[in-house]
Amino acid sequence: MAISIGEIKQILNQSSFTDLPEVMKQYEADERAGVKNELKKAKARLQKYEQEKERTYALSEYERKYADYMHICGIDEVGRGPLAGPVVAGAVILPKDCDILYINDSKQLSEKKREELYDIIMEKAVAVSVGYASVERIDEINILQATYEAMRDAISKLPVSPDILLNDAVTIPQVTIPQIPIIKGDAKSISIGAASIIAKVTRDRLMVEYDSVFPEYGFASNKGYGSAAHIEAIKKNGPCPIHRRSFIDNFING
């Protein structure tokens, strides 16, 4: 009795991308339209996988360029623009020839994909750390200086000392480690992209926690950014302790 189309579909779907070409060959002679359709879909998945491998290889251009350095650290921040919450920096040292696919600028990824990649990065990275600058520091020294402070905090917490830093656009003051600022680095460097994912997921989770403390501002959905509903909540309720006073004065006094 011939294997059913449903069974072939399951076999194809459960095959690893490494095994899939050989598995597909086993059913190439099957003339059933349903089998041909499943092989067509499997081929499309395989092509997408190969394209992603090529994209990831291109994303490692800077890591290859500076491969003489043992520990290359990507640095990125999240949260410069919101009206509430800290600014958070991620620092990630990936292994040489990192094989993690789908890393990208965190803003280009769905929340689900960021969460998946967060776990993979935490598992596979040589070192990961997160730095913070509080709302009070943002108001005290301004957002740019607070961002630098969060980045220095992340670097200082790394359990492995980096030999070179790949930064998203900025040169961090008061850091003696060699630095390479890369414009739009979170979309051009796999290390910076990984750092942006770690920072984004960490900050988003924190803002969800704040939502349970200050539910009237909708932090779980707006993450502290200035949505119309968030601004209206500030006008109605006034600021809460995690609002950046230097960012919201015009909403309170306007």
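Modeller: Let us begin with burial, where a residue is called buried if its relative accessible area is under 20%, exposed if that area is over 50%, and partly exposed in between. Please keep in mind throughout that this is a predicted model.

Colleague: Why is D30 called buried?

Modeller: D30 has a relative accessible area of 18%, and because the limit for a buried residue is under 20%, D30 is classed as buried.

Colleague: What makes the pair D30 and R32 a salt bridge?

Modeller: The side chains of D30 and R32 meet at 2.7 Å, taken from N to O, and a salt bridge requires a side-chain nitrogen of Lys or Arg within 4 Å of a carboxyl oxygen of Asp or Glu. R32 has a relative accessible area of 29% and is therefore called partly exposed. The side chains of K36 and E31 also meet in a salt bridge, at 3.7 Å from N to O; here K36 is partly exposed at 39%, whereas E31 is exposed, with a relative accessible area of 60%. A search of the whole structure finds 16 salt bridges.

Colleague: How do you know that strand β1 is largely enclosed by the rest of the structure?

Modeller: Strand β1 covers residues 72–78, and seven of its seven residues are buried, so the strand is largely enclosed. I72, G74, D76 and V78 point one way from β1, while C73, I75 and E77 point the other way, and all of these are buried.

Colleague: What makes β1 and β4 a pair of strands?

Modeller: Two strands pair if at least two bridges are found between them, and β1 and β4 (residues 164–168) have four bridges, in the parallel sense. G74 has L166 as its bridge partner in β4. With β2 (residues 87–93), β1 runs antiparallel and is joined by six bridges, and V78 stands opposite V88 in β2.

Colleague: Which residues have the most contacts inside the largest nonpolar core?

Modeller: That core has 22 residues, and those with the most contacts inside it are C73, I75, V87, I155, L165 and I172. At least two residues of this core are supplied by each of β1, β2, β3 (127–133) and α7 (143–157), and the largest share, seven residues, comes from α7. Leaving out residues up to four places away in sequence, I155 touches I75, S129, P162, L165, I172, V175 and I177. Another core, of 21 residues, lies apart from this one, and includes V78, L109, I197 and A199.

Colleague: Why are D153 and K157 said to be separated by about one helical turn?

Modeller: D153 and K157 are four residues apart in helix α7, which means that about one helical turn separates them. Their side chains meet in a salt bridge at 3.1 Å, N to O, and both residues are partly exposed, D153 at 23% and K157 at 41%. Elsewhere, salt bridges that share partners join D105, K107 and D186 into one network.

Conventions
Residues are numbered from 1 along each chain as its sequence is written. This is a predicted model: local features need pLDDT of at least 70, side-chain atom pairs count only at pLDDT 80 or more; totals for chains, interfaces and linings use all residues. Side-chain values use heavy atoms; hydrogens and water are left out. Buried means under 20% relative accessible area, exposed over 50%, partly exposed in between (1.4 Å probe, protein chains only). A nonpolar core is a set of buried Ala, Val, Leu, Ile, Met, Phe, Trp, Tyr and Cys residues joined through side-chain atoms within 4.5 Å. Contact means heavy atoms within 4.5 Å.
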